[in-house]
Amino acid sequence: MAFDYDLDFDNIDFRKHPEKYRVGRGEQGVLLVEPYKSEILPHWRFKTPEEAEKSSKKIYEQFLDYKKNNDFVGADMARKFLQMGYTRARRYTNYKGGRKYNDDGEINKRKIDPVKAKSAAIFEEKWKLARTDEEYLKMKKAHQKEFG
């Protein structure tokens with residue numbers, strides 16, 4: 001089922017109401033779903049490989065903790081932050097300042113930044129671990145079967 005952007009995100013605690021959460025596609029809702037956004041976002045950094053290493057490790061630890069506590073929504077949100085670390089670092093790898101499009105709406109020329117590429121690879125490794133974790137996948141399937 002698609003991610004529901006019509007929910008009252010300012011007033012829903014998804015830890016108390018996991019039945020309202022929909023996985024959606026990719027990173028949908030990553031900056032909306034509380035209290036997880038507030039728990040994970042402060043650790044999300046990718047500017048340098050050192051920051052990406054520390055950040056991805058912490059977020060992956062959060063993923064494991066949510067999973068251990070049978071909190072699928074938290075685990076899925078941590079997975080989304082790991083994915084977003086990868087995709088944003090890739091955007092900055094390819095385009096200076098992270099801007100894919102110029103003011104005229106045309107695609108800027110790619111300029112590969114090897115430092116950001118390393119940050120992206122660091123996040124990609126942890127994202128792959130999370131998204132292929134068998135226990136997480138079972139939790140995801142159960143959540144989707146029960147709630148959509």
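**Helix α5 and its surroundings**

Author: The buried residues of α5 are Y136, M139 and H143. Buried means under 20% relative accessible area, exposed over 50%, partly exposed in between (1.4 Å probe, protein chains only). Seen down the axis of α5, these residues fall within an arc of 60°, so they line one face of the helix. The arc is that of the directions from the helix axis to the C-beta atoms.

Reader: What kind of model is this, and how are residues numbered?

Author: It is a predicted model: local features need pLDDT of at least 70, side-chain atom pairs count only at pLDDT 80 or more, and totals for chains, interfaces and linings use all residues. Residues are numbered from 1 along each chain as its sequence is written, and side-chain values use heavy atoms, with hydrogens and water left out.

Reader: Which residues are exposed on the other side of α5?

Author: E134, K138, K141 and K145. Helices (H or I, at least four residues) and strands (E, at least two) are DSSP runs, numbered from the N terminus.

Reader: What do the buried residues of α5 pack against?

Author: They pack against α2 (49–68), α3 (72–94) and α4 (114–131). In the α3 pairing, F72, V73, A75, D76 and R79 meet Y136, M139, K140 and H143 of α5. Contact means heavy atoms within 4.5 Å.

Reader: What happens at the two ends of α5?

Author: At the start, a side-chain oxygen of D133 comes to within 3.1 Å of the backbone nitrogen of E135. After the helix comes G148, with a positive phi near 105°.

Reader: Switching to T93. Buried or exposed?

Author: T93 is buried, at a relative accessible area of 0%. T93 sits in helix α3. Its side chain reaches the backbone oxygen of A89 at 2.7 Å.

Reader: Which residues does T93 touch, leaving aside neighbours within four places in sequence?

Author: T93 is in contact with K111, I112, D113, K116, A117 and A120.

Reader: And K126, buried or exposed?

Author: K126 is buried, with a relative accessible area of 14%. This lysine is in helix α4. Leaving aside neighbours within four places in sequence, K126 is in contact with S56, K57, Y60 and L82.

Reader: Last one. How many residues apart are K126 and Y101 in sequence, and what is their C-alpha to C-alpha distance?

Author: They are 25 residues apart in sequence and 29 Å apart in space.

Key:
A polar contact is a pair of N or O atoms within 3.5 Å; within protein, one must be able to donate a hydrogen and the other to accept it, and residues adjacent in sequence count only if both atoms are side-chain atoms.
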